[in-house]
Amino acid sequence: MRELAIEIGVRALLFGVFVFTEFLDPFQRVIQPEEIWLYKNPLVQSDNIPTRLMFLPFLASASRRSTWRASCTASPRAGGGRVGGSVPPSCPFTAP
């Protein structure tokens, strides 16, 4: 019961902080002259981002994982080829 009271108190406090900061004046950042160069990015003619290359490692690992899982389940020792059923060392995610 005490944990519930603490949880409600913390949530009420966070909500109060949110409401207080929500109605404050917005922050206006002043950019100093010596840091203006950080914000001057050159215009690029082509802003095409190759997303195919971005997801290639994920797709490669997913296909490797599925073939790995299939080889683990196809192993005669994986499900109990012997009494007690041992797991091949190449299949760490298979439960013994």
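A residue is called buried when its relative accessible area is under 20%, exposed when it is over 50%, and partly exposed in between (1.4 Å probe, protein chains only). By that rule, phenylalanine 15 counts as exposed because its relative accessibility is 53%.

Before we go on, a word on the model: it is predicted, so local features need pLDDT of at least 70 and side-chain atom pairs count only at pLDDT 80 or more, while totals for chains, interfaces and linings use all residues. Residues are numbered from 1 along each chain as its sequence is written, and side-chain values use heavy atoms, with hydrogens and water left out.

**An aromatic pair in the helix**

Phenylalanine 15 has a partner. The structure holds one aromatic pair. The ring centres of phenylalanine 15 and phenylalanine 18 are 6.4 Å apart and their planes stand at 40°, so the pair is tilted. (Rings of Phe, Tyr and Trp, the last by its six-membered ring, pair if their centres lie within 6.5 Å; planes under 30 degrees apart are stacked, over 60 edge-to-face, and the rest tilted.) Both residues sit in helix α1 (residues 2-22), three residues apart, about one turn of the helix. Helices are DSSP runs (H or I, at least four residues), numbered from the N terminus.

**Two salt bridges**

How many salt bridges does a search of the whole structure find? It finds two, a salt bridge being a side-chain nitrogen of Lys or Arg within 4 Å of a carboxyl oxygen of Asp or Glu.

| Salt bridge | N to O distance |
|---|---|
| Arginine 11 and glutamate 7 | 2.7 Å |
| Glutamate 35 and arginine 29 | 3.1 Å |

Arginine 11 and glutamate 7 are four residues apart in helix α1, which means that about one helical turn separates them. Arginine 11 is exposed, with a relative accessible area of 57%, whereas glutamate 7 is partly exposed at 41%.

**A nonpolar patch**

Ile31, Ile36, Trp37, Leu38 and Tyr39 form a nonpolar patch on the surface, with about 530 Å² of accessible area together. Such a patch joins nonpolar side chains (Val, Leu, Ile, Met, Phe, Trp, Tyr) within 5 Å, from residues with over 30% relative accessible area and no salt bridge. The areas come from the Shrake-Rupley method with a 1.4 Å probe. Tryptophan 37 lies in the loop between α1 and α2 (51-74). Is tryptophan 37 buried or exposed? With a relative accessible area of 59%, tryptophan 37 is exposed.

Terms used. Helix = DSSP H or I, 4+ residues; strand = E, 2+ residues; numbered from the N terminus. Patch = residues over 30% accessible without salt bridge, like charges linked within 9 Å, V, L, I, M, F, W, Y side chains within 5 Å.
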